[in-house]
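Here's a quick briefing to read alongside the model. Have the sequence and the 3D view open as you go.

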Amino acid sequence: MGEQPIYTTRAHVFQIDQATKRNWVPASKQAVTVSYFYDSTRNSYRIISVDGSKVIINSTITPNMTFTKTSQKFGQWADSRANTVFGLGFSSEQQLSKFADKFQEVKESAKLARDKSQEKAETLSNHSQESGRETPSTNQASSINGTDDEKISHVSPEAAVLKTENERLKSAVELRDGSWTRSEHTALNILCPTTEKCNTNAKKWETELQTLRENNARLVDALQESSANVESWKKQLSTCKEESDTLRQKIAELEAQCAEADQEKQKNAQLTVRVQELEAELNDKEQELENLRKQAEIIPQLMAECESITAKLQAAEAKNSELEGRVGGLQLDINDSQQKQTHMKGELKKFMDILDGKIDELHEVRQGLSKLGVDN
């Protein structure tokens, strides 16, 4: 299957400044995709992020790594292989929590994979040692602990050939070094009807017998040499085991020191982030202070303007009082005028009533005069 993504999110990527080891350097101009990848063939996990065609994160997760939340939306981890510290800025606290939980899950999986591989290696080593102890003495020279095969590879093929030749020698020795009994000569005559042919076969067998004797002697010498080498290799194996135990102890000590160094790096990175946050807050406070100073310079001008406005306001209030007095006088005049107008209306009504009476009287007089004129 190869390497497959198992979790993906988006974040702003930062790297620690290699020169100062304090400041963060943006690795991307904007939020980019950050993914967890799982390699089934190697049983390993990686965090990968690509900005365009540039790989900005390629971090293999190990059991010694730790992801630290330094704020509500920012987290970081140290990668000793890449010799840097990566930082991620998220848009929400929820995304940061999900990424941190996934980091812890992947870290535990990597730890389990490492433990399984170590157990498998120890099982194979123990099996190899047991098979080396159970090997017979004739073959010990080629199977001690499964690690000295190269040292004795020059003996094993020769020993196998010599063993075969030794078997042939045993069968040939039955001829008793060419001392033939009468029954054997009889059998030989049966096998060899002609004396010339028998002499030829006898010489051939004697030559083969001599070769077998020499090979047998070589086999004995090789076996003795192998036995001596076995004892030497046993001592070397014991020495190698002691050195291996010493190296394992040193490796454990170095791993503990590396873990402490990683913790110190993480603490330093956290302190660096905290210092940067404090520096940002200090810059904000300085900006506020500068703004207050500028405002303080404007205060005298504002005070003068305020006094001028106060004087104008007082003058306006005085004019307003005067106008209110005038308005009160005018209101009184209006009331008087209204009363006079009402009185005049009453008088006018009375006059109109009287006038109407007079007009009626004149009308009657006119009618009377008209009648008188008619009568005359």
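Helices (H or I, at least four residues) and strands (E, at least two) are DSSP runs, numbered from the N terminus, and two strands pair if DSSP finds at least two bridges between them. This is a predicted model, so to speak of local features takes pLDDT of at least 70 and side-chain atom pairs count only at pLDDT 80 or more, while totals for chains, interfaces and linings use all residues. Residues are numbered from 1 along each chain as its sequence is written, and side-chain values use heavy atoms, with hydrogens and water left out.

- Strand E8 covers residues 84-89, and six of its six residues are buried (buried means under 20% relative accessible area, exposed over 50%, partly exposed in between, with a 1.4 Å probe and protein chains only).
- Thr84, Phe86 and Leu88 point one way from E8, Val85, Gly87 and Gly89 point the other way, and all are buried.
- On one pairing, E8 runs antiparallel to strand E7 (residues 74-79) over six bridges, with Trp77 as the bridge partner of Phe86.
- E8 also pairs in the antiparallel sense with strand E1 (residues 3-16), over four bridges; there, Phe86 is the bridge partner of Gln15.
- The E7 and E8 hairpin has four residues between the strands, and Asn83 takes a positive phi near 55° in it.

**Nonpolar cores**

- A nonpolar core here is a set of buried Ala, Val, Leu, Ile, Met, Phe, Trp, Tyr and Cys residues joined through side-chain atoms within 4.5 Å.
- The largest one has 23 residues, and those with the most contacts inside it are Val13, Ile47, Ile57, Trp77, Leu88, Phe99 and Phe103.
- Two or more residues each come from E1, E3, strand E4 (44-51), strand E5 (54-60), E8 and H1, with H1 giving the largest share, six residues.
- Which residues does Ile57 contact, leaving aside neighbours within four places in sequence? They are Val13, Ile47, Ile48, Ser49, Trp77, Phe86 and Leu88, where contact means heavy atoms within 4.5 Å.
- There's a second, separate core of seven residues, including Ile16, Ala78, Val85 and Ala269.

**Aromatic rings**

- Rings of Phe, Tyr and Trp (its six-membered ring) pair if their centres lie within 6.5 Å; planes under 30 degrees apart count as stacked, over 60 as edge-to-face and the rest as tilted.
- By this rule the count comes to 12 aromatic pairs.
- One of them is Tyr36 with Phe99, tilted, at 5.0 Å centre to centre and 40° between the planes.
- That pair links distant parts of the chain, 63 residues apart: Tyr36 sits in strand E3 (residues 32-39) and Phe99 in helix H1 (residues 93-134).
- Both Tyr36 and Phe99 are buried.
- Phe90 and Phe99 have ring centres 5.5 Å apart and planes at 50°, so that pair is tilted; Phe90 is buried, and so is Phe99.
- Tyr7, Tyr36, Phe67, Trp77, Phe86, Phe90, Phe99 and Phe103 form one aromatic cluster.

**Ser28 in its loop**

- Ser28 is found in the loop between strand E2 (24-26) and E3, and counts as buried at 9% relative accessibility.
- Its side chain reaches the backbone oxygen of Gln30 at 2.9 Å.
- A polar atom of the Ser28 side chain also lies 3.4 Å from the backbone nitrogen of Val13.
- Not counting residues up to four places away in sequence, Ser28 touches His12, Val13, Asp51 and Ile56.

Notes: Polar contact = N/O pair within 3.5 Å; in protein donor to acceptor, adjacent residues only side chain to side chain.
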